[in-house]
Amino acid sequence: MSTPEHTPTLLVVEDEATLRETLRYTLTRQGYRVLTASDGPTALETAHTHKPDLVILDLILPGMDGFEVCRLLRRQSSVPILILTARDEEVDRVLGLELGADDYVTKPFSMRELVARVKALLRRASMAQQERPRILQSADLLLDPEGRKATLGGQPLPLKPKEFDLLAYLMAHKGKAFSREHLLTAVWGYNYTGESRTVDVHIRWLREKIEKDPANPVRIITVRGVGYRFEG
Ligand code: CA
């Protein structure tokens, strides 16, 4: 989103092949890069791997329904989500559940209307992106998520990829406590099969690198019964 040449990537989640392909065709012609998924687990995996700029999500899917997909997507990112709903009753549920979706269209919809919604959501997201600080900073600790560089007290701070991702996630949500399960989904991805101990181990490694006294951490705090919080 940083350059004008950036081609937004859209993820279309719809099990009906005809509609899925119509959406792919229409949106590709609009100049977007279009990925598709026909079920929830595939959608979550694709979203985690490809980090799309927007997700178009149908609510009625086989197995895991769109409500659940939306909830899990929200755990791993703030990607704009445009919901497709078939019935008016679903609209009530979408609005009532506060799923974290950004907009919805009711079937049947015109492709023209859909494209207009997509454009509006991408524009809004791009403005929000520009307002976000590009460097994460807390006192003498600096993280540059795009350049994947970290420094502590002006010195390069060598971090393994997952240590970097975990610290960046915590720093981006300073003051907020997260469960180990939430951090696993957010940093390692929905399909990661490891245990929450993985989080504890990485937190320990991070503390050894960024805390003056790793045994008495003041930056990454353990929140009893919850998980961890980045304090400063
Ligand atoms: Ca469907």
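Visitor: At about what angle to strand 10 does helix 7 run?

Guide: In this predicted model, helix 7 comprises residues 180-188. Helix 7 lies across two strands, strand 10 and strand 12. Its angle to strand 10 is about 85 degrees.

Visitor: What is the strand order of the open sheet of 3 strands?

Guide: The pairing in this open sheet is antiparallel. Strand 10 (177-179) and strand 11 (220-223) are the edge strands, each pairing on one side only. From one strand to the next, the twist averages 30 degrees. The order of the 3 strands is 10-12-11.

Visitor: Which helix packs on the sheet and touches strand 10, strand 11 and strand 12?

Guide: The helix in question spans residues 161-172. Its direction makes about 70 degrees with that of strand 12. This element is helix 6.

Visitor: Which residue of strand 12 is the bridge partner of phenylalanine 178?

Guide: Strand 10 is joined to strand 12 (residues 227-230) by 3 bridges, and the two run antiparallel. On the other pairing, 4 bridges join strand 11 to strand 12, again antiparallel. Threonine 222 has tyrosine 228 as its bridge partner in strand 12. For phenylalanine 178, the bridge partner in strand 12 is likewise tyrosine 228.

Visitor: Which residue in the turn between strand 11 and strand 12 has a positive phi?

Guide: Strand 11 and strand 12 form a hairpin, with 3 residues between them. In the turn, a positive phi of about 75 degrees is found at glycine 225.

Visitor: Which element gives the most residues to the largest nonpolar core?

Guide: The largest nonpolar core has 26 residues, and those with the most contacts inside it are Leu143, Leu167 and Ile220. Two or more residues each come from strand 7 (141-144), helix 6, helix 7, helix 8 (197-210) and strand 12. In soluble globular proteins, nonpolar side chains tend to be buried together. With 7 residues, the element that gives the most to this core is helix 6.

Visitor: Which residue is in contact with Leu167, Ile203 and Tyr228, among others, leaving aside neighbours within four places in sequence?

Guide: The contacts of this residue also include Leu170, Leu206, Ile210 and Phe230. Arg207, Glu211 and Arg229 are in contact with it as well. The residue is isoleucine 220.

Visitor: How many residues are in the second, separate core?

Guide: Among the members of this second core are Ala37, Cys70, Leu73 and Leu99. Across the protein, buried residues make up 43% of the 232 residues. The second core has 21 residues.

Visitor: How far apart do the C-alpha centres of domain 1 and domain 2 lie?

Guide: The domain assignment gives domain 1 as 9-130 and domain 2 as 133-230. The C-alpha atoms of the whole protein fill a box of roughly 60 × 40 × 25 Å along the principal axes. Between the C-alpha centres of the two domains, the separation is 30 Å.

Methods. Residues are numbered from 1 along each chain as its sequence is written. This is a predicted model: local features need pLDDT of at least 70, side-chain atom pairs count only at pLDDT 80 or more; totals for chains, interfaces and linings use all residues. Side-chain values use heavy atoms; hydrogens and water are left out. Two strands pair if DSSP finds at least two bridges between them. Axes are lines fitted to C-alpha atoms, for helices over the stretch in contact, and angles run from 0 to 180 degrees between N-to-C directions. Contact means heavy atoms within 4.5 Å. A nonpolar core is a set of buried Ala, Val, Leu, Ile, Met, Phe, Trp, Tyr and Cys residues joined through side-chain atoms within 4.5 Å. Buried means under 20% relative accessible area, exposed over 50%, partly exposed in between (1.4 Å probe, protein chains only). Domain bounds come from an automatic or database domain assignment.
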